[in-house]
Amino acid sequence: MTKKIVILFSGEGSNFENIVNKLHNKEFDGNKIIVSGAICNKSEANGLIRAKKLKIPVVLIDHKKFSTREEFDKTVVDTITTFGCDLAVLAGFMRILTPVFTKNIKAINIHPSFLPYCKGSNGIKDSYYSDIGFGGVSVHWVNDGVDDGAIIDQKKVLIDKGETLEYFEAKIHAIEYEIYPSAILKALKIDI
Ligand code: GRF
């Protein structure tokens, strides 16, 4: 069986690249994963260059060209459907989604904190400067809330004494690259 995923990103696209390298065109328990396309909402995103190198079709949908979130989401939903998609994978896609998206698309997201701690756009920094002493990485289903859906997989990352923010950030990204590909397979109900 073939399972298609579409990846959405806004910036660097390092998770996007990691997922393509680890899953695209590969078979897991009799299921071939195809990254059928990618969507980006920012013209200056480095991920667009990565997409070209990886030869993954990518569509730029600039949110600034839409007057409402719903109109933007409708175009995103239509594009995902045109690519063909069993699961949409948000990888640093920095948009709040409306029910136009969440009611129509089965999607998962990665968040750089140990949810429910430190939701929002500064998960790494907020964890680093908080009193809890740890951060983490969480992969969760997308619902109407922000960083709110049921957890698929998560890992705690301790903040060692004297560790710089940059070092902590690198540790978080390394864990992201480790757990997102396997969480995608889990969400697709593929045994590994
Ligand atoms: C990651 O830390 C991800 O958890 C967060 O945004 C960042 C995206 O990084 N949602 P990249 O674009 O994949 O390099």
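Colleague: Which residue does E178 form a salt bridge with?

Modeller: Keep in mind that this is a predicted model, so local features need pLDDT of at least 70 and side-chain atom pairs count only at pLDDT 80 or more, while totals for chains, interfaces and linings use all residues. Residues are numbered from 1 along each chain as its sequence is written, and side-chain values use heavy atoms, with hydrogens and water left out. A salt bridge here is a side-chain nitrogen of Lys or Arg within 4 Å of a carboxyl oxygen of Asp or Glu. For E178, the closest N and O atoms are 2.7 Å apart, and the partner is K155.

Colleague: How many residues apart are E178 and K155?

Modeller: Helices (H or I, at least four residues) and strands (E, at least two) are DSSP runs, numbered from the N terminus. E178 sits in helix 6 (residues 165-187) and K155 in strand 8, so to speak distant parts of the chain, linked by the pair. The gap is 23 residues.

Colleague: And R50 with E12, how many residues apart are the parts they tie together?

Modeller: The two side chains meet in a salt bridge at 2.4 Å, N to O. R50 lies in helix 2 (residues 47-54) and E12 in the loop between strand 1 and helix 1 (14-23), so the parts tied together are separated in sequence by 38 residues.

Colleague: Is R50 buried or exposed?

Modeller: The cut-offs are under 20% relative accessible area for buried, over 50% for exposed, and partly exposed in between (1.4 Å probe, protein chains only). R50 has 19% relative accessibility, so it counts as buried.

Colleague: R95 has no salt bridge, so which side chain of opposite charge is nearest?

Modeller: R95 is in the loop between strand 5 (87-90) and helix 4 (99-102), and its contacts (heavy atoms within 4.5 Å), leaving aside neighbours within four places in sequence, are N41, H63, R69 and F72. On charge, Lys and Arg count as positive and Asp and Glu as negative, with His and the chain ends not counted. R95 is buried, and the nearest opposite charge, 6.0 Å away, is on D73.
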